[in-house]
2 protein chains.
Amino acid sequence: MRISELSAESGVPVATIKYYLREDLLPEGARTSATQATYGEPHIERLRVIRALIEAGVSVAETRRVLAALDDPPTSPHDLLGAAHAAVLPATGEALDTAAAEALAVRLGWQPGMCDDQILAGVARALQGVQRAGFEIPDAVMSAYLESVRTLARAEIANVPTDSPEAAVRYVVLGSVLIEPLLLALRRVAEQVASAERFGDPAAADPEP
Amino acid sequence: MRISELSAESGVPVATIKYYLREDLLPEGARTSATQATYGEPHIERLRVIRALIEAGVSVAETRRVLAALDDPPTSPHDLLGAAHAAVLPATGEALDTAAAEALAVRLGWQPGMCDDQILAGVARALQGVQRAGFEIPDAVMSAYLESVRTLARAEIANVPTDSPEAAVRYVVLGSVLIEPLLLALRRVAEQVASAERFGDPAAADPEP
DNA sequence: CTTACTCGATAGTTTCACTATCTATATTGG
DNA sequence: CCAATATAGATAGTGAAACTATCGAGTAAG
């Protein structure tokens, strides 16, 4: 398959494919001469993953790191998850108050050394943003967050496929990143439903013409 | 308070404050002459909210809409939530398969007409991204997502403060937007914990020197 | 009255994700 | 075999987004 066919097949413009090649998101095709190369099915699949990540809001640099984790997975599934997470986390710039973040992590069953500091720093950064806006999270709500997130993570990890390493890698790496927009979108729907339940919006009743 | 003091107080550069004034994120100060205005405590608070939203990844245009919802809230709490959600949702460009999204929404207790199509379109878009990457969500995991998200939303809505309308507005509008990074960060920690539990990473055991 | 500050307008900067152009080479249809 | 088309790789340009800097004219304070 030549680059123009790859483009037609995937819906991604040739110029963009070349850009992804330059950025090391997509591997080179098999060279047939100095100015010619051919591409195959793996390239199409890879392009699908790239587009999904980028459209999910992952930057090109982060996408490159996610793909690197896919291509060159650490041996243990646990390290794999760490690599996937690290790929989408910004390097910590400013100093953060990690005490509050650790307190929450402990309520999730976390123990010191259990994961990369970056992951905890993400919690600290998010808390800082919430707090700097002068927003207070009621205890009951925070408890619900922790409970929900633990349930959800347990189900995810319990379903890591063990049959093939490749499947496990795909599941862990893509699952941790691609699911994020879905969770946020589902939360919005659930909030609307709960709000309709509580505040009994008349518009929720089926309107007859 | 003059603009330079507001800048010193809030840590936001004068040029940036002027930019926010131009972009209608921050209201004008009280004019004392043609080239002078003074700012007060509300401006500092507003700047804190703006910075929190923008650092949480909300764009300037979305931030403007969120602030508009804060300033000029719909009368019913339910519509308020809709306004907050609509503020951070992109206008749908391409056609989406909403059937799958509706099926999920129904499992959350959703009924036709219960919320803006945009919110459902967000689910459809997220599903499409997941699916185009060739990623399969196991049924058990999807069930856990729905269950978790319902629990979490119920707790959030149950805790909307009813004493003052202002407090309710703040809670709903900021809560739906600012909490997102926190939830994603907590999910990562919970995944790490669940992963350590399942795969028994030796590094999780406390290392003695 | 001079020095510093302010407003408002305008223009410049940086980053990001593409997108377009160009040259030398390769392939392909007639 | 040769002209039309396509390709790789390099380089430069684009447009959006979020600032950042500069400027001129008008205060304000010591």
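Colleague: Let's start with one residue: is Glu94(B) buried or exposed?

Modeller: Happy to, and bear in mind that this is a predicted model. Glu94(B) sits in the loop between helix 5 (77-87) and helix 6 (98-107) of chain B. Because Glu94(B) has 6 C-beta neighbours inside 10 Å, it is exposed.

Colleague: Thanks! How many Å apart in space are Glu94(B) and Arg125(B), C-alpha to C-alpha?

Modeller: In sequence, Glu94(B) and Arg125(B) are 31 residues apart. From C-alpha to C-alpha, the distance in space between Glu94(B) and Arg125(B) is 9.5 Å.

Colleague: And what about Glu197(B): how far in space is it from Ala83(B), C-alpha to C-alpha?

Modeller: Glu197(B) belongs to helix 9 of chain B. It is partly exposed because 17 other C-beta atoms lie within 10 Å. Glu197(B) and Ala83(B) are 114 residues apart in sequence, and their C-alpha distance in space is 41 Å.

Colleague: What is the phi of Asp24(B)?

Modeller: Asp24(B) lies in the loop between helix 2 and strand 1 of chain B. Asp24(B) counts as exposed because it has 12 C-beta neighbours inside 10 Å. Although Asp24(B) is not a glycine, its phi is positive, about 60°.

Colleague: Nice. What kind of axis relates chain A to chain B?

Modeller: Chain A can be laid on chain B with an RMSD of 0.1 Å.

Colleague: In the contact of the two chains, which helix gives the largest share of the side of chain A that touches chain B?

Modeller: The contact takes 81 residues from chain A and 81 residues from chain B, and 100% of the contact residues of chain A recur in chain B. Among the elements that each supply at least two residues on the chain A side are helix 3 (41-55), helix 7 (117-132) and helix 8 (139-158). By class, that side has 49 nonpolar, 16 polar and 16 charged residues. The largest share, 24 residues, comes from helix 9 of chain A.

Colleague: Which helices do the buried residues of helix 8 of chain B pack against?

Modeller: Helix 8 (residues 139-158) of chain B has 20 residues and reaches 28 Å from its first C-alpha to its last, close to the 28 Å expected. Its buried residues include Val141(B), Tyr145(B), Ser148(B), Leu152(B) and Ile157(B). They pack against helix 9 (165-199) of chain B and against helix 8 and helix 9 of chain A.

Colleague: Which residues of chain A does Val123(B) touch?

Modeller: The largest nonpolar core has 128 residues, and Val123(B) is one of those with the most contacts inside it. Leaving aside residues up to four places away in sequence, Val123(B) touches Ala101(B), Leu104(B) and Ala105(B) in chain B. In chain A, Val123(B) touches Ala185(A), Leu186(A) and Val189(A).

Colleague: Now to the DNA: which helix gives the largest share of the surface near DNA strand D?

Modeller: Of the 21 residues around DNA strand D, Arg2(A), Ser4(A), Tyr19(B), Ser59(B) and Val60(B) come nearest. By class, this surface has nine nonpolar, ten polar and two charged residues. The largest share, three residues, comes from helix 2 of chain B.

Colleague: And which helix gives the largest share near DNA strand C?

Modeller: There are 20 residues around DNA strand C, and Tyr19(A), Ser59(A), Val60(A), Arg2(B) and Ser4(B) come nearest. The classes are eight nonpolar, ten polar and two charged residues. Three residues, the largest share, come from helix 2 of chain A.

Methods: Residues numbered from 1 in each chain as written. Chains lettered and ligands numbered in written order. Predicted model: local features only at pLDDT ≥ 70, side-chain atom pairs only at ≥ 80, totals over all residues. Near = placed C-beta within 6 Å. Helix = DSSP H or I, 4+ residues; strand = E, 2+ residues; numbered from the N terminus. Nonpolar A, V, L, I, M, F, W, Y, C, P; charged D, E, K, R; others polar. Contact = placed C-beta atoms within 7 Å. Expected span 1.5 Å × (residues − 1). Buried ≥ 20, exposed ≤ 12 C-beta atoms within 10 Å, placed from the backbone. Least-squares fit on C-alpha atoms with pLDDT ≥ 70 in both. Core = buried A, V, L, I, M, F, W, Y, C linked by C-beta atoms within 7 Å.
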